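Let's take a friendly walk through a protein model together. Have a look at the picture first, and then we'll go from the whole chain down to its parts.

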Amino acid sequence: MWREVCRVTGAEWLRARRSRATLTGLVVYVLVVGILYFTYYLAVRRSFVGIPTGFYLCGAVLSAAVTPLAFIGVLLIAFSLGREFSSGTIHLVWTRPISRLGWLGGKVLSSVIHLKSFLVLTLVIVITVAGAQFGFSSLMEKDYLIHSAGSLWWNLLLVIVLTWIALIATVSIVCVPALYIASPGVTITVCVAGGFVLQLAAGWEVLRPFLLPTYLSSPLAQFVAMSKGLPLPEEWSTLTRTCLLGSLGWMLAGWLWAAWIVKRKEVLN
């Protein structure tokens with residue numbers, strides 16, 4: 001099946017390279033990241049929020065960029081899967097000598113790789129600019145060391161990994177409505193509404209540890225608090241375990257559910 005996944009992924013990348021929407025999307029996203037960074041930069045310079053350090057700027061901007069990144073993941077899957085059904089090409093695709101799971105895996109892998117390029121682009125922009133303007137030094141209060149630069153770098157890497165896994169889980173779970181609805185526009189609307197409901201539900205302490213928005217927002221929120229020298233909302237070990245297991249659970253559930261839909265559609269069609 002891996003060869004089939006690679007074939008579909010290669011075809012999706014070739015289609016993306018030929019599409020003007022890809023370049024347009026990158027330009028728009030860079031502008032969004034630039035606006036987010038400039039907003040936090042001004043707020044820090046005028047002492048409205050945060051402190052003038054590279055670690056704080058990185059954490060704050062990355063935290064604000066998580067929602068646009070999740071939305072990009074929704075767009076990628078919604079159009080990658082939905083357009084095959086809305087345009088009717090799915091019948092041609094499924095008559096080729098390729099398994100349904102290979103087709104689904106290629107679509108998901110392609111979307112994940114595209115989304116990773118946006119995340120890497122965000123990291124390059126934010127780390128480069130924040131480092132040039134403020135540097136990445138240890139967090140000190142007079143002569144007292146609060147957090148060393150090494151500790152801050154390690155935890156920044158940790159939250160990036162946790163956030164990335166949560167973004168993959170988001171892509172996986174979006175496959176479900178994308179396959180059921182088979183229309184990119186309606187899928188995006190449903191996912192945005194569903195995400196809003198989940199964010200409201202995350203306000204309940206009982207539900208919060210089990211919801212996907214928690215795994216997207218909590219790691220970077222914890223790092224932002226750390227970069228300012230504030231008390232941490234949770235222990236790092238607890239946060240890591242909760243976000244890692246929760247994201248993997250959502251990821252597995254999304255993939256199994258999507259695979260079941262694809263197999264069932266094969267029978268029905």
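## The whole chain

What percentage of the 269 residues in the chain do buried residues make up? Buried residues account for 45%, where buried means under 20% relative accessible area with a 1.4 Å probe, protein chains only.

This is a predicted model, in which local features need pLDDT of at least 70 and side-chain atom pairs count only at pLDDT 80 or more, while totals for chains, interfaces and linings use all residues. Residues are numbered from 1 along each chain as its sequence is written, and side-chain values use heavy atoms, leaving out hydrogens and water.

## Helices and strands

You can find nine helices and two strands in the chain. These are DSSP runs numbered from the N terminus: helices are H or I with at least four residues, and strands are E with at least two. Starting at the N terminus, the order is α-α-α-α-α-β-β-α-α-α-α.

Strand β1 (residues 139-141) pairs with strand β2 (residues 144-147) in the antiparallel sense, over three bridges; pairing requires at least two bridges found by DSSP. Here M140 stands opposite L145 in β2. Two residues lie between the strands of this hairpin, and K142 takes a positive phi near 60°.

## Where two helices meet

Now turn to helix α3 (residues 54-86) and helix α7 (residues 184-201). Residues of α3, including F71 and L75, meet residues of α7, among them I188 and V192; contact means heavy atoms within 4.5 Å.

Technical notes
Axes fitted to C-alpha atoms, helices over the stretch in contact; angles between N-to-C directions. Buried < 20%, exposed > 50% of the residue type's maximum accessible area, 1.4 Å probe, protein only.
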